[in-house]
Structure formats: C-alpha cells, structure tokens
Amino acid sequence: MLKYQITSEEFAQLEESQQGFYTQSGDAYQLAVEGIPQPDVDGLKRQRDELLAEKKAEQEKRRKAEEEIQRAEKERLAAEGNYKQLFESSQADSASWQQKHEELLRQIEQNSINQTAIKLATDIAEGPNAEILSEFVTRRLKLVDGQVRVTDASGNLTVSSVEQLKEEFKNDPRWASLVTGSKANGGGAAPLRGSPTKEPKQMTAEERAEFAQRDPQGYQRALASGQFSKY
C-alpha cells in the first residue's frame, strides 16, 4: 500500500515503477492521485513562518517589557538609596548645626557672665586685683532666660541681685586685700594666712587672693602654668 506522503529516503527505496506515482514537493514526495487537491506547500510554509515571526515578536516584546520593569525597579531602588543618603546627610548637617548653635549659645552665655563679672570687679578693685577678683565672681553668676542671675556657692540660684553680690564681695574679709581701700584690722595689708611655702594648688581661695596681692607677678605665673586647683 502506497503512502500519500513519503520522505526522500523512502522514495529512494521504492521500485522505479512505484516512484512514478509520486511527485516531489519540497523535501518530501506526495502521491499524485487524480482528484485529490494538492496542498499549498508554499502557503503552509508562509503561514508557518508568519506564526514563527509572530511568536518571536511576542517573545521580544515580552523581553523588552521585563527589561523595562527591571530598569524601573533599579531606578526606584537607586532613588530610595539617594533619598536615604540625602536624609542621613541632612541629619548629620542638622546635628552639626545644632552643635555649633549650642556652642555659640555657650559662648554668648559665658561672655555675658564675664562682662558682668568684670564690671562688678572693676567697681570695687583695680588693675590685676580686679582681674583676679572677676574670676571668683564668675563662679557666682549664671545666665537664665537671657539674664545674668546670682547663685550661691553651690551654684543654686538666689534672689540676690548683681549689686547685692558686689556688696557681698566688697564686705567679705576674704577679698579685703583685693578690694580698693579695704584695710584689714584697721590698717595695713592683711597678713598672709597659711604657710608661705604652701603650693598654689593647696591654697584656699582666701590664701590665693592674698598671694595675688602680695606677689602679683608670681600669681600670674602660677595661674598661667595651671598650678592652681579648681574649687
């Protein structure tokens, strides 16, 4: 029984009398039977090629769509990374600005205290004595709500005014040797209390003030070299 369509290998195996019943159609051989329409091989090939082209175009379209999605995702992540970096940078700048702002406020506060202390000291003392005295006055002052307030020896706020603090320093025997016109025991400079050989770091506030009165240059040298302890 003859097949309707055979391959070239099968065609070669047929007897010559049988090969006459076939006609070549592309790479195959088809049985030439009268009344049976022959398929449009070229049309089928064109249709196949069109389907393959459509499939390829669809695959390419899908590939480009996936690449576009990936590109958009990468851009989104990169943008988020930039936002994060910008945010962290802004936070660092804000912290730096805050630190500088606080430092500036501290400087303003200290300048206000120093100016008040110097004015108070120069009202009751002169020259180096006023400079020495102002150092102790600053320890009794604090800036609160933009105003210089007086504290006690422990640093607690008091109701005393700066004028009252000035009178306190003026009348305190510990500062008598620094205050202008002050006399100890009715006349002469107050004698140095404590051992004359005592180290500066061992001196009390009163002895320190008397040292400054007795030997201003020696006091300045000790002060500059950091020999005094902080109270």
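**View 1. Strands S2 and S3 side by side.** S2 and S3 run antiparallel and are joined by four bridges. Look for Tyr22 here: its bridge partner in S3 is Leu31. Keep in mind that this is a predicted model.

**View 2. The open sheet as a whole.** Three strands make up this open sheet, in the order S1-S3-S2 and with antiparallel pairing. Strand S1 (5-7) and strand S2 (22-25) are the edge strands, each pairing on one side only. On average, neighbouring strands of the sheet are turned by 35° against each other, direction ignored.

**View 3. Phe11 meets Tyr29.** The count of aromatic pairs in the model comes to three. In the pair shown here, the ring centres of Phe11 and Tyr29 sit 3.8 Å apart with the planes at 0°, so this one is stacked. It ties together distant parts of the chain, with Phe11 in helix H1 (residues 8-13) and Tyr29 in strand S3 (residues 28-31), 18 residues apart. Both Phe11 and Tyr29 are buried.

**View 4. Phe136 and Trp175, a tilted pair.** These two rings, Phe136 and Trp175, are 4.8 Å apart centre to centre, with 40° between the planes. Here too, distant parts of the chain are linked: Phe136 belongs to helix H4 (residues 127-138), while Trp175 lies in the loop between helix H5 (162-171) and helix H6 (205-214), 39 residues apart. Phe136 is buried, at a relative accessible area of 4%, and Trp175 is buried with a relative accessible area of 4%.

**View 5. Stepping back to the ring cluster.** Phe169 joins the picture here: ring pairs link Phe136, Phe169 and Trp175 into a cluster.

Note on methods. Residues are numbered from 1 along each chain as its sequence is written. This is a predicted model: local features need pLDDT of at least 70, side-chain atom pairs count only at pLDDT 80 or more; totals for chains, interfaces and linings use all residues. Side-chain values use heavy atoms; hydrogens and water are left out. Rings of Phe, Tyr and Trp (its six-membered ring) pair if their centres lie within 6.5 Å; planes under 30 degrees apart count as stacked, over 60 as edge-to-face and the rest as tilted. Helices (H or I, at least four residues) and strands (E, at least two) are DSSP runs, numbered from the N terminus. Buried means under 20% relative accessible area, exposed over 50%, partly exposed in between (1.4 Å probe, protein chains only). Two strands pair if DSSP finds at least two bridges between them. Axes are lines fitted to C-alpha atoms, for helices over the stretch in contact, and angles run from 0 to 180 degrees between N-to-C directions.
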